[in-house]
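Reader: I am new to this protein, and I would like to learn where the words used to describe it come from. Could we look at it together?

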Amino acid sequence: MRTMNITLILGARPQIVKSAPLIHLASQDYQMSLSIIHTGQHYDFEMTKIFFQELCLPDPMANLNVGSGTHAWQTAKIMTRLEKILQKQKPDLVVVPGDTNSTIAGALTAAKLHIPVAHIEAGARSYDMRMPEEINRRLTDHCSTLLFTPTENCTKNLLKEGIAKEKIHQTGDTMYDLLIQQLPKAEKTQILEKLGLKPKTYALLTTHRPENVDNPKNLKNIIKAIIKLNKLTIVFPAHPRTQKQLRKFRLLKAIQKQNHIKIIKPLGYHETIKLIKNATLVITDSGGMQKEAFWLKTPCITLRENTEWPETVEAEANYLVGTCEQKFIKKAYEILENGKEIAKKLEKTPNPFGNGDASKKVLEAIKFFLNRSYQKAP
């Protein structure tokens, strides 16, 4: 039986999380030979390497060492370096998860080499073309051969855009697979003790999107709001780039003066999941964290005007406040005042992101597609 040679392109933390369950399943399948290429889009060790280690993933077979830069520079650099490897490897299929520059660069490079592309987390839409992620996910979907959607809404988005029904596979969300698998390990971490926290006495804050951290007005509004939210301890694992911008806009010292704000280094997957599960509230601009908060039944305030996961908003588990200081504070105190009622409602809310077997469905669809391709080959 012919071995299926698959190449997986990764470059940022969320892509590792989305891919981990698929990597584990593929490594146990005698038909599959999966190679990982890391683009180096996030160059900081803490931002990616720790995830490979704690999720027990094999080392990438290649690291493109691209590092940070403008969107055009970074995407072009990934493509030129990746093209050489794919031409030599000649994989049967390239898999790209998510919506980063690594995603679109991997999809475009493979498509132009006439290598089939599979997109994990296809069909997500915020309908905000100012977001680089929205551009990346749309273009990736339209040059992919297999599109794996996490929800019915994502499937409908693709059909509306004229993508052929036979290309689309509604599998559920691979991130949910990982959360179910890794939650017991996450529960064992000592992050609450390390930070001197008790369950349901704190909020978890993350912000990293350029429209928030590169805009001095927006970042200042976020910081002013969390300073005023002093009835609650706020844990702030700050992305290195976010810390850089806080210093640049002279906001870091204002945070450091606050006894209720704990600014810390970025955390690994298990510690992050433990903090989300035990928080009273999650405050974020991350798409992935919106979903993780929803799955762990923790109310979420999103520092954006829109989201690619409207399912969480419709369930009244996620509240879009943008960077308006007044809206942010008002919603935060509403959640604190009605915590018990919200918790009861979230416990009963159905999960539109699948049953935790998305990775298995992805792998089955890939194998079916490649077996059929082999049969058609001369």
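Author: What follows is a set of questions about the terms applied to this structure, each with an answer.

Author: This is a predicted model, in which local features need pLDDT of at least 70 and side-chain atom pairs count only at pLDDT 80 or more, while totals for chains, interfaces and linings use all residues. Residues are numbered from 1 along each chain as its sequence is written, and side-chain values use heavy atoms, with hydrogens and water left out.

Reader: How many helices and strands does the protein chain have, and what makes a stretch count as one?

Author: The protein chain has 18 helices and 13 strands, where helices (H or I, at least four residues) and strands (E, at least two) are DSSP runs numbered from the N terminus.

Reader: Why is the protein chain called as compact as a globular protein of its length?

Author: The radius of gyration, taken over C-alpha atoms, is set against the globule rule, which is 2.2 Å times the number of residues to the power 0.38. For 378 residues the rule gives 21 Å, and the protein chain has a radius of gyration of 21 Å, close to that value, so the chain is as compact as a globular protein of that length. Along its principal axes, the C-alpha trace spans about 70 × 45 × 40 Å.

Reader: Why is Ala118 called buried?

Author: A residue is buried under 20% relative accessible area, exposed over 50%, and partly exposed in between (1.4 Å probe, protein chains only). Ala118 has a relative accessible area of 0%, and is therefore buried. Across the protein chain, buried residues make up 57% of the 378 residues.

Reader: Where does Ala118 lie, and which residues does Ala118 touch?

Author: Ala118 lies in strand β5. Contact means heavy atoms within 4.5 Å, and, not counting residues up to four places away in sequence, Ala118 touches Leu93, Val94, Val95, Val96, Leu146 and Phe148. Val95 is 23 residues from Ala118 in sequence, and the two C-alpha atoms are 4.7 Å apart in space.

Reader: What makes a group of residues a nonpolar core, and which members of the largest one touch the most others?

Author: A nonpolar core is a set of buried Ala, Val, Leu, Ile, Met, Phe, Trp, Tyr and Cys residues joined through side-chain atoms within 4.5 Å. The largest such core has 91 residues, and Leu93, Val95, Leu275, Ile283, Phe328 and Ile366 are those that touch the most other members. Helix α18 (residues 358-376) gives the most to this core, with seven residues. A second, separate core of 15 residues includes Leu82, Val94, Ala110 and Val117.

Reader: Which residues of helix α5 are buried, and what covers them?

Author: In helix α5 (residues 132-142), the buried residues are Pro132, Glu133, Glu134, Asn136, Arg137, Thr140 and Asp141. Their cover includes α3 (71-89), β4 (93-97), α4 (101-112), β5 (117-120), β6 (146-149) and α6 (152-160).

Reader: Why is His142 called partly exposed?

Author: His142, which is found in helix α5, has 45% relative accessibility and therefore counts as partly exposed. Leaving aside neighbours within four places in sequence, His142 is in contact with Glu161 and Ile163.

Reader: Why is His114 called exposed, and what is its phi?

Author: His114 lies in the loop between α4 and β5, and it is called exposed because its relative accessible area is 74%. Phi of His114 is near 60°, a positive value in a residue other than glycine. Most residues other than glycine have a negative phi. Lys200 also has a positive phi of about 60° although it is not a glycine, and Lys200 is placed in the loop between α8 (191-195) and β8.

Reader: Why is His208 called partly exposed, and where is its place?

Author: The place of His208 is in the loop between β8 (202-206) and α9 (210-213), and its relative accessible area of 31% is why it is called partly exposed. Not counting residues up to four places away in sequence, His208 touches Val213, His239, Arg241, Thr242, Asp285 and Ser286. Pro240, found in helix α11 (residues 240-248), is 32 residues from His208 along the chain, and their C-alpha atoms are separated by 9.1 Å.
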